[in-house]
Amino acid sequence: MRKRIAILGSTGSIGTNTLRVIDGLNSSLNGNEQPSAQADKFEVVALSGHSNIKLLAEQVRRYRPRFAAVTDSDYLEQFRRLTEGLDVEVFAGEEGLTKVAELDDVDTVVAAIVGVAGLSSALAAVRRGKRVAIANKEPLVVAGKMITAEAKKYGAELLPVDSEHSAIFQALQAGRRQEVAKILLTTSGGPFRGATIEDIENATIEQVMAHPVWKMGPKITVDSATMMNKALEIIEAHWLFDIGQEKIEVLVHPESIVHSLVEFVDGSVIAQMGSPDMTLAIQYALTYPRRLKGCAKQLQLDRLKALTFEKPNTEIFPAIEMGFEVARTGGTAAAVFNAANEAAVEQFLAGRIKFANIVELVRHCLDRCDCKSDATLPEMLEADAWAKKEVLECLKSRQKS
Ligand code: NAD
Ligand code: MG
C-alpha cells in the first residue's frame with residue numbers, strides 16, 4: 001500500500017536520513033517490474049523545519065510535498081520567498097506543526113524533532129491514530145506513560161526509531177512479553193569511554209562533539225558524551241515496552257554492531273545486529289512488518305575482529321544511575337531530568353558552561369525539585385519550565401558568588 005509520510009524535523013540528522021531511506025526504497029521499487037511494487041511507493045506529503053530554512057526550501061523543491069511547516073515563525077516570509085511558485089501549503093509555528101501531524105493525507109508521521117518541543121505534535125499524531133515512527137525520545141521520557149496509553153486508545157502504532165529501541169522491538173518478536181527476563185541496552189561508550197574524572201573535567205567541545213561511531217545532531221551528540229542519552233533511553237524503553245527499570249541493563253559495546261538485546265526466561269538472548277547506520281532503524285519503522293531492500297550498508301561479519309561487551313563505569317558516568325532513579329520515581333522527576341539536561345546542553349553548546357557542569361546541573365535540579373509521583377501533562381510541562389529556569393538561576397547565582 002502507498003505510504004504517505006510527514007517528517008517533523010526534516011532538516012535534522014534523522015530527518016535527512018529519513019529522506020535518504022525514502023529515496024532508497026523508491027529506487028529499489030522502481031527496479032521492480034511488479035505492478036504491486038509501484039503501488040508501494042513512499043510519498044513525502046509534508047515536511048517541517050525550524051530555522052534551517054534554506055535546507056527546508058531545497059527539500060520542498062526536490063520532494064514536492066503538498067504541505068510544509070516552519071516552526072520558527074520569524075523565518076516564514078523568507079521561506080515563502082524561497083519557495084515562490086511551488087504548490088505547497090505552508091503552516092507556521094507550533095500550531096502549524098500540529099496541523100501537519102494531523103493531516104488526513106498522512107498515514108505515517110516521522111517524529112524527528114529534538115527535545116520536548118516535539119511533544120505536542122507527536123501526541124497529536126498519536127491521537128489521530130497514525131503510525132508514528134518516533135526518534136524524538138524526549139517526549140517519551142517526559143510523557144511516555146500518556147503517549148503509550150493514548151496510542152492504545154486511538155489505535156496508533158508507535159514504532160521506535162532510536163536504534164536500541166528498534167533492536168529491542170525486533171528482538172521481542174522472538175517471544176512473549178511475560179517471557180522476557182531483561183532488556184540489555186547497548187552503548188558505544190561515546191567519546192569518553194575509558195576516560196578519567198580529570199578527562200571529563202577538562203573535556204573540550206571538540207572532544208565532546210567527536211563521537212566515535214554516530215554522526216548525529218548536536219544535542220544527542222552531547223548527550224552521548226555525558227551518557228545522558230543512555231539515561232533517557234532507559235526511561236524511553238521503560239515506557240515503550242512497559243518494562244520495569246529493574247529489568248533493564250546497560251552494556252558498553254564499542255563496535256556498535258549489536259544494537260541491543262533481549263534475554264528471555266529460558267536463558268536465550270536475542271540480539272539485533274547491523275551496520276551502525278540510522279537508516280536501518282528508520283526504514284524498519286516505515287516498512288514494518290515488512291523488510292525491503294534499502295540504502296543501509298550490509299553487515300560483513302567476517303570483516304569484524306571481535307564483538308566486545310563491558311559494564312559501564314557509573315562513577316565516571318553518574319547519568320546512567322540517574323536514569324534508573326528517574327525511571328523508578330517517575331512523575332515530574334522525568335520532566336525535570338529531561339528539561340535540566342536540555343537547558344544545560346544549550347548552555348554548554350553556547351560555550352557558557354563546562355562539560356562536567358551538565359550532569360551536575362541535572363543533579364542539582366533533581367535534588368531541588370518538589371516532584372509529584374503521578375503527574376498530568378500540564379504538571380509535566382510546569383516541571384519542564386521550572387527546571388529550565390532553575391538551571392539559569394543556578395548559573396546566575398554561581399556567577400555572583
Ligand atoms: P537535529 O538537531 O539534527 O535535528 C532536529 C530537528 O528538529 C531539525 O529539523 C530542527 O529544525 C527541528 N527543531 C529544532 N528545534 C525545534 C523546535 N523548537 N520546534 C520544532 N522543530 C525544531 O537532531 P537529530 O539528531 O536529528 O535528533 C532528533 C531526535 O531524534 C532527538 O530527539 C534525538 O534524541 C533522536 N535520535 C537521533 C538520532 C540520530 O542519529 N541523530 C538517533 C537516535 C535518536
Ligand atoms: Mg539510541
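Student: Which residues of strand S3 point one way, which point the other way, and are they buried or exposed?

Tutor: Bear in mind that this is a predicted model. The general idea is that side chains in a regular strand alternate between the two faces of the sheet. In strand S3, which covers residues 67-70, Phe 67 and Ala 69 point one way while Ala 68 and Val 70 point the other way, and all are buried.

Student: In which sense does S3 pair with strand S2, and over how many bridges?

Tutor: Strand S2 (residues 42-49) pairs with S3 in the parallel sense over four bridges, and within this pairing Ser 48 has Ala 69 of S3 as its bridge partner. S3 is also joined by four bridges to strand S4 (residues 89-92), again running parallel, with Val 70 opposite Ala 92 in S4.

Student: Which helix lies on the path from S3 to S4, and what is the handedness of that crossover?

Tutor: The chain passes from S3 through helix H4 (residues 76-82) to S4 in a right-handed β-α-β crossover; S2, helix H3 (residues 53-63) and S3 likewise form a right-handed β-α-β unit.

Student: Which cysteines does the disulfide join?

Tutor: The structure holds one disulfide, which joins Cys 369 to Cys 371 with an S to S distance of 2.0 Å, and the link is left-handed, with -95 degrees about the S-S bond. Cys 369 is buried at 15% relative accessible area, whereas Cys 371 is partly exposed at 32%. Cys 394, by contrast, is in no disulfide, the nearest cysteine sulfur being that of Cys 365, 7.0 Å away.

Conventions. Residues numbered from 1 in each chain as written. Chains lettered and ligands numbered in written order. Predicted model: local features only at pLDDT ≥ 70, side-chain atom pairs only at ≥ 80, totals over all residues. Heavy atoms only, no water. Disulfide = S-S within 2.5 Å. Buried < 20%, exposed > 50% of the residue type's maximum accessible area, 1.4 Å probe, protein only. Helix = DSSP H or I, 4+ residues; strand = E, 2+ residues; numbered from the N terminus. Pairing = 2+ DSSP bridges. Right-handed = clockwise from strand over helix to strand, strands pointing away.
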